Every structure is written in C-alpha cells, then in structure tokens.
Amino acid sequence: MSIDDATTVANDRLADREDMIVCVDVDKFYGDFQALKGVTATIKEGEVAVVCGPSGSGKSTWIRCINRLEVHQGGDIVVDGIELTNDLRNIEKIRSEVGMVFQQFNLFPHLTVLDNITLAPIWVRKKPRAEAEAMARSLLDRVGIPEQAEKFPGQLSGGQQQRVAIARSLAMEPRVMLFDEPTSALDPEMIKEVLDVMKELARSGITMMVVTHEMGFAREVADRIMFMEGGEIVEVGTPEHFFTNPTEDRTKLFLSQIL
Amino acid sequence: MQDANQLSGDLEFQRGIGQQGSSPHEVPSLPVGQWLRKNLFSNWGNSLLTLLGSFLALLALRGVLNFVFSENREWDAVRTNLRALMTLSYPESQYIRVWVSLGFVAGLAGLSAGLWANWGGVSVKRLSTWLMGSGGLLAVCVIVREPSVILGSDGKVVRTVDGSPQRESFLDAMVDRSSWWIAAAVLLALGTLLWGRFTSPDRRGVEVSVTSVVFVSLGLALLSLWVAPYGHYAFISETKSYVAESGRTVAFSTKLPWTVMLALLCGFFYLGRILRRSDYAGIIKGASNLLWLISPLTLFWVVLRDPALDYGHVMSTDLPMGLAFGFLGGAVLWSLTRPGVGEAGRLVATMLLGFAIFNWVAAFFGWYPMLQKARISFLLLAIAALLAPNFIGEIAKRRQLVLSWLGVTALVHYLATMINTPSTVELQSSEFLGGLGLTLFVALIVVLLSFPLGVLLALGRTSKFPIFRMLSTSYIEVIRGVPLISVLIFFSVMVPLFLPDGMELAELAAVLTGYTLFSAAYLAENVRGGLQSITKGQYEAADAIGLTAAQRTGFIVLPQALTVSIPQLVGQVISTFKETSLLAIIGLFDFLRVANSVIPAQSEFLGVKREGILLVAMIYFFFNFTISKYSQRLERRVGLGER
C-alpha cells in the first residue's frame with residue numbers, strides 16, 4: 001500500500017479539515033544509521049493518529065522531530081502552517097503550539113505540581129499568575145487529581161505524575177498534543193488512569209499524535225493507525241482496516257506478536 | 001533522578017511535607033542501659049575498644065585542659081588584644097564606623113533570615129539531651145584537669161625541692177572548682193527535668209523553633225557581658241600601656257554596642273517575618289539580595305575607609321563620565337532592543353566587545369591612556385549589548401534593560417571613585433583594617449562575587465557554543481593549574497605595574513579581584529558537577545513547553561544543579577574562608593597574622609603566641625562548623641522536594 005492512499009483511508013469526518021502536521025520525505029540520521037527514511041504523512045486538524053511499531057522502528061524519533069527535539073536532515077515538516085527550520089522564532093512558536101508528553105514524565109522535581117503547570121503559561125504566554133493558577137487547578141480537576149496541587153512530583157505515583165505532565169502540556173493551550181509512549185513507564189494498574197485521560201482528550205477534538213503499544217486504546221479512539229518499521233511508514237489505515245484486514249506481511253507479523 | 005521517578009510508582013509512596021522532625025516511624029528509644037549494651041558493650045572486643053577509645057579521648061581532653069589552664073598561659077595577652085584581633089589598628093576615635101558597619105550587616109542578616117529562613121524546630125527532648133550532654137562533659141572536664149599549682153604568699157608558684165611546681169591535692173582542687181560543679185549540676189538538672197517532662201509519647205514531638213533557641217542563647221551570652229565578671233582589659237594606645245582589671249564586667253564600650261547589634265538582629269528578624277507575609281515580599285527580598293551584593297563593598301570602602309573626596313575632580317571628571325556612560329550607553333542599548341534590529345544588533349555588540357577587549361590589551365602595552373573606569377564601563381556595555389537581544393520587544397522590557405544599565409553604571413562609577421580616593425582614616429599599617437574584620441570581609445566579598453562568576457563559567461563550559469566552551473574551559477584549567485599564593489602575589493605585585501600612569505588600584509582591591517577570579521574557577525567546577533546531574537529529559541521538557549534557553553537555565557536547570565552541588569559549594573565557602581590566612585603572605589594583617597606576629601611583638605607579651613593561635617583556631621572552627629551545620633539543614637530541606 002502506498003503512502004498516497006493514506007489520506008483516502010482516513011476517517012470521513014476529517015475530510016474537509018485543514019492539514020495540521022505535514023511531513024514530506026523526512027530523513028533523519030544518527031551518524032551512518034538512518035533512523036527515518038523518507039517519512040511522508042499528513043495529520044488533519046482534530047485527528048487522533050496512533051503510531052505503532054516494534055522498538056527501534058523510528059516512531060519516537062519521528063514524533064520528536066515534530067517539535068524539533070530532534071533535528072531532521074532531509075525533507076520538510078510543517079506544523080500548523082509553520083515550517084520547521086533552524087530559525088529560533090519558528091521553533092519557539094511551534095513549541096508553544098505543540099504539547100508533548102514523555103515516556104519518563106519529565107516533571108520538574110524541584111517545583112510543586114501547580115508550579116510545574118503554571119511555569120510556561122506565566123513566562124511564555126505572559127499570563128497573570130492568578131489566571132494561570134486558576135487554569136492549572138481546573139486542568140488538574142480535568143485529569144482527576146485536584147487534591148495534589150501543592151505536592152512535589154516525587155510524592156506522586158507514576159500514573160499521577162503522567163497526568164500532571166498532560167496537564168502541564170495542556171496549560172499552554174496547544175493545538176497539537178504529542179504523546180511519546182506515555183504509558184510505557186507505568187505499572188499496569190496505572191495505565192488505565194492515564195489512558196482514560198487521553199481518551200477524554202481525544203473526544204474533546206484536539207489533534208493528537210500518539211506513539212504507543214496500547215492497541216486497545218488505538219482501536220477505541222484512533223482515527224488512523226500508522227505502522228512503522230525500519231524508519232518507514234509501512235501501513236496506514238483506520239483501526240478497523242488495521243486490526244481486521246492488514247495488507248502488509250510485516251504488519252501481520254507485528255500484530256500477531258502484540259495481540 | 002529519572003529512575004527514581006519511575007520507581008516511585010506506588011500509591012503508598014507519600015512523604016509528608018511540612019511535618020519534618022516528627023517522623024511517624026520514629027524508632028522507640030531504648031533505655032540507657034540497654035542502649036549501652038547494644039551499641040558499646042555487645043561483646044568482649046567491642047567493650048575493649050569502647051574502653052580504649054574513651055581512655056584516649058579522656059587523655060586528649062586532659063591534655064587540652066591542662067594546656068589551657070596551665071599557670072604558664074598568659075591569657076592576658078589575648079584579653080587585652082581582643083580589639084587588635086578583631087580590627088587591628090583601626091583608630092579608636094573612628095571606631096563608631098566599625099559598629100555602624102557591623103550594625104548594618106546585623107540588621108541585614110536579621111532581615112534576610114526573617115524573610116527567607118524556615119529553620120523549623122528542634123524537639124525539646126533533643127534540647128534536653130544537649131543540656132545533659134554539656135553538663136556531663138563539663139563535669140568530666142572538671143575532674144580530669146590536673147589540680148592547680150599552689151601560689152605562695154608572694155604570688156609565685158610554690159615549687160618542690162626538685163623544682164617542679166607543687167600542686168594541691170585532688171580533693172582541694174575539687175573544692176576549689178565548686179562553682180564549676182554547680183554549673184555542671186545546673187545543666188544536668190535542667191536537662192533531666194526537661195527529659196522527664198517530654199518523654200511521654202504524647203509530648204515527645206513538642207518542639208521549640210530553632211530561631212528562639214538561637215536568640216535565647218545569644219541573649220544569654222549578651223546578658224553575661226553585663227553581669228559576669230569577665231574582667232576589663234584594654235590597650236591604651238596613647239600611653240602604650242594596658243589595663244587588666246579582673247573581677248568586673250567588660251568595658252561599657254564593648255557591651256553597649258553588642259547589645260545594640262543583637263537588638264538590630266532580632267528587631268530586623270521580626271520585621272522580616274512581618275514583611276514576608278506582605279504584598280511587597282518579592283520586592284523586599286530582591287532588595288535585600290541586592291543590598292548583600294552592594295553593602296560589603298560600600299561598607300568597607302566608604303563607611304570604614306571614609307574617603308576624602310576631591311569635589312573638584314568629581315565635578316570635572318567622575319560625574320560627567322558616569323553620566324556620559326549612563327545615558328549614551330543607555331541610548332545605545334535602547335536602540336539595540338528596537339524590534340527588528342536583527343543582525344545589526346549582534347554586529348554592534350560584537351564590535352563593542354572587540355573594542356572593550358582591545359582597550360585592555362592597549363593598557364597592557366601602554367599604547368594610549370584611558371581611565372580604568374572607562375575600560376570597565378566599555379566592557380560592561382559590551383556585555384549589556386550582548387544581552388540586549390533578550391530584551392527586544394515592548395517598551396517595558398526595553399526600559400528594564402536601560403534602567404538596569406543606569407543602575408549598574410551609577411554603582412560601578414560610585415564605587416570605583418570611592419576606591420580610588422585616599423582614605424582619611426589614619427593608617428597605622430599598610431591597610432586600614434586587619435584581624436577578623438579583614439578576614440570576614442575578604443571571605444564575604446570573594447564568596448559573593450565569585451558565585452555569579454562561577455555559575456557563568458560553569459554554564460559556559462557546558463554550553464553548546466564552542467567559543468564559550470573553549471574560553472571557559474581554558475580559563476578554569478589555567479586558574480586551577482596555578483596555586484592561590486601565586487595568583488595573590490601576581491595581583492598584588494604585577495597588576496599595579498600594568499596600570500597606566502596616574503592610575504592606582506588599592507592593593508586590597510587588586511588582591512580581592514585575584515582571589516575572586518581564583519575562587520570562581522573552583523566554584524565553576526562544583527556547579528558543573530551539578531549541571532551534569534540534570535537529565536536530558538529535563539531539558540527536553542523545558543523546551544517542549546516553550547521556555548527560552550535563558551528561562552530553561554534559570555527556572556529548571558540551575559535550581560536543580562545548585563541544589564545538588566550544595567555540599568561542594570559549602571566546602572568551597574569554608575575553604576575560601578580558611579585560605580584568607582594566605583593574605584598574610586602578601587603583607588595584609590589577617591586574623592591569624594595578628595595572633596602569630598603582632599601580639600608576640602608587643603613588649604608586654606613578647607613571644608606569647610600559643611594563646612592567640614588557640615583562640616584564632618577556635619573562632620575559625622566556630623564559623624566553619626556553623627556554616628557546615630547550616631548547610632546540612634539546608635540539604636535536608638531542599639532535598640525534600642526532590643525525587
């Protein structure tokens with residue numbers, strides 16, 4: 001299946017939406033090793049795209065290129081109409097539009113939960129502190145841990161920390177949320193609480209790109225699933241297509257191992 | 001750090017904030033007998049070691065006590081020279097300047113402590129243990145000290161036939177020391193009383209604040225100045241004689257100022273406590289930090305030194321120059337922060353930096369004369385211009401930079417003028433201040449100034465820009481490859497030679513510069529250690545939420561890095577303080593040198609060294625132990641928010 005077919009398979013509800021993330025022939029090298037080989041994909045506004053694939057397939061690298069935590073060497077990445085170049089102002093602009101949630105949470109351990117969330121709104125968005133704190137509290141409410149605002153990250157469980165990390169990203173009111181294996185570092189009983197928050201987010205209509213191994217989540221909320229291997233997008237399709245009728249052998253092999 | 005985050009993934013993991021001190025999992029303490037058996041006499045070998053260790057400790061204690069209380073000790077040498085040990089030959093008629101400076105520092109310290117400190121409490125039980133411990137130690141001291149010699153009716157030591165001094169019997173000695181026994185008994189009784197009242201489970205958590213313990217101890221020490229007969233000792237410089245009157249309290253000119261100092265400390269502490277809750281807490285905190293940075297220099301060079309300003313010169317040169325740099329430089333910075341200034345701004349900043357550096361090179365070879373102040377100002381302007389891109393934007397932001405520039409210019413020009421004006425204080429040695437005053441001043445200045453410089457160097461060394469990395473690394477490596485003494489000698493002897501004609505730099509200023517540059521290199525390495533402990537994830541998270549590089553450094557990286565490096569930083573502070581004694585080598589009279597060479601040279605106390613040096617060692621220990629203890633508390637407290 002070719003990449004051109006990818007958008008045609010996408011959900012009808014997104015047909016007339018604008019392009020949010022456009023990647024064309026993105027190449028990324030680590031020394032001699034090519035981590036991304038001409039990755040081309042378009043993610044529409046409001047779409048929930050799940051990227052899966054075996055480890056080392058380049059899916060984390062790709063998502064990290066989108067807010068330039070990694071620098072791509074070939075091809076173009078355009079986010080919300082802004083092209084990612086070395087221009088610092090473009091990078092800062094994209095980063096304030098794109099939220100990111102990491103596998104390791106990466107909360108700031110020396111700040112309270114509330115300070116973690118309000119830091120960027122106050123200093124990047126220049127919001128008054130009171131307003132930022134009110135928003136932070138409502139976000140904590142939304143992710144289900146309003147009572148933890150004054151604690152330090154080290155006092156929270158992994159699942160709670162990851163929900164704080166989601167709230168921290170949402171505080172910048174991003175148009176796109178990137179999730180880089182958000183549940184991989186969690187104990188099994190905590191995965192659900194994070195996935196519930198993510199499902200709620202997906203239904204709220206924000207554009208999401210999620211790298212994950214949680215196939216249940218993908219089946220339930222994804223508009224599109226992209227399967228990567230060896231730095232390439234191998235197969236793209238709706239969850240229905242992907243789980244019931246995959247065309248590529250490599251996809252079938254992957255699914256047989258993971259399901 | 002990140003692994004710990006991962007591991008802490010269970011819901012049980014809850015550490016109580018704000019309830020430090022009374023841990024819910026406190027191990028019930030054993031009765032004394034069981035504790036001894038468990039820890040000191042658990043088996044034969046252990047018991048033997050315990051006995052041997054105690055014996056050695058007692059022996060050492062006895063040696064020290066016999067040394068201190070020996071009839072050969074001339075403690076009068078120290079008592080009469082206390083003022084010399086503190087400030088050396090600072091003229092008595094001007095002594096109010098010393099007290100004003102000290103009072104300012106005491107007030108500022110109180111204010112800062114009130115604004116910032118959160119020392120928590122210490123349990124009454126612990127306090128009672130301290131009291132009992134010190135009472136017990138005092139009793140042991142009274143017993144192990146050898147009996148005093150017997151003084152004959154002529155006031156001389158009675159000697160036996162073979163010439164050794166005759167000592168009183170053990171029993172007589174104990175009776176003679178009855179006042180010490182009473183002191184020990186009071187301490188023990190007080191401790192036991194508190195212990196008995198506060199061991200019941202429901203009261204064992206009772207705490208008193210550390211602040212009140214500190215203030216009460218200081219207050220008791222002060223009270224003793226007014227009531228205890230420490231004796232009145234003084235050097236009369238006019239007649240070159242000394243008074244030594246035992247049996248009365250210390251001089252009025254000692255106890256009154258110290259009372260004022262303590263009043264200032266306490267008063268400003270409570271003022272700080274009140275202001276802490278006010279709406280202006282942020283501004284006041286900033287102002288007190290700024291005062292810490294400025295006041296040591298101002299107190300030393302302006303208040304203590306009392307420069308004789310030449311107003312003609314001030315009006316014709318200093319003031320116009322300061323104004324010109326302030327306003328012309330401000331105009332340059334204003335235009336450099338214009339939105340859309342683009343690459344041109346960077347070009348101008350780089351050219352300014354080149355010009356500023358060229359000025360110093362020119363000074364080195366003496367190509368053209370220029371006031372040192374101008375060189376420094378050009379360098380500062382270049383740095384401000386390099387910082388300017390961070391302030392591009394709306395008027396308020398640009399005004400911030402220009403106003404800061406005006407403030408810095410005013411301060412630098414004011415201090416430079418004051419430092420270069422001769423003092424009116426009558427000097428009796430090469431420097432107008434010596435002793436503990438000089439030691440503390442140098443240590444404080446070096447720590448305060450080398451801290452920001454060291455942090456900048458550490459950031460430079462870990463920067464991704466090769467030029468910063470190279471410059472910082474070579475600077476740090478060069479400085480660390482050179483002994484401190486050679487740096488001090490270089491700055492005191494060589495630097496004045498490089499200065500252009502008519503330009504003078506006070507020797508102390510040159511030495512302080514050298515010491516600061518030296519200390520900053522070591523500090524930078526300590527901070528770098530902290531910087532390396534910050535995981536990549538922290539940088540990425542800061543980037544991902546859109547912080548700029550400066551915000552990332554200021555809010556995320558530095559706070560964590562500095563927290564991690566507290567032990568090393570405190571070690572650096574302590575060693576800086578101790579190494580000020582090297583100032584003696586370049587001719588300054590620091591604390592130790594006063595005890596080592598000034599007192600033994602006085603005709604009354606020819607060759608009396610040991611007493612002074614013992615006192616100096618004790619005071620050094622007191623300061624460093626306090627710093628070390630405080631840092632341990634600090635570590636525990638800031639460690640709480642982590643992991």
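1. Helices (H or I, at least four residues) and strands (E, at least two) are DSSP runs, numbered from the N terminus. On that scheme, Arg305(B) belongs to the loop between α12 (281-304) and α13 (311-336) of chain B.

2. On provenance: this is a predicted model, in which local features need pLDDT of at least 70 and side-chain atom pairs count only at pLDDT 80 or more, while totals for chains, interfaces and linings use all residues. Residues are numbered from 1 along each chain as its sequence is written, chains are lettered from A and ligands numbered from 1 in the order in which they are written, and side-chain values use heavy atoms, with hydrogens and water left out.

3. Arg305(B) has a relative accessible area of 9% and is therefore buried (under 20% relative accessible area; exposed is over 50%, partly exposed in between; 1.4 Å probe, protein chains only). Its C-alpha atom is separated by 5.5 Å from that of Ser423(B), 118 residues apart along the chain. Contact means heavy atoms within 4.5 Å; beyond neighbours within four places in sequence, Arg305(B) is in contact with residues including Phe300(B), Met418(B), Pro422(B), Val425(B) and Phe432(B).

4. The side chain of Arg305(B) also reaches two backbone oxygens: that of Thr421(B) at 2.6 Å and that of Ile419(B) at 3.3 Å.

5. Helix α16 (residues 395-419) of chain B packs with α12(B) at an angle of about 30°, the axes being 9 Å apart. Axes are lines fitted to C-alpha atoms, for helices over the stretch in contact, and angles run from 0 to 180 degrees between N-to-C directions. The two helices are therefore roughly parallel to each other (angles under 35 degrees; over 145 is roughly antiparallel, 65 to 115 roughly perpendicular, the rest oblique). Ile294(B), Leu297(B), Thr298(B), Trp301(B) and Val302(B) of α12(B) make the contact with Leu411(B), Tyr414(B), Leu415(B), Met418(B) and Ile419(B) of α16(B).

6. A nonpolar core is a set of buried Ala, Val, Leu, Ile, Met, Phe, Trp, Tyr and Cys residues joined through side-chain atoms within 4.5 Å. The largest has 50 residues; among those touching the most other members are Ile117(A), Ile166(A) and Phe179(A). Helix α7 (residues 188-203) of chain A supplies the largest share of this core, eight residues. Apart from it lies another core, of 42 residues, including Ala41(A), Ile63(A), Leu69(A) and Ala541(B).

7. Thr183(A) is in the loop between β7 (176-180) and α7 of chain A. Its relative accessibility is 5%, so Thr183(A) counts as buried.

How values were computed:
Polar contact = N/O pair within 3.5 Å; in protein donor to acceptor, adjacent residues only side chain to side chain.
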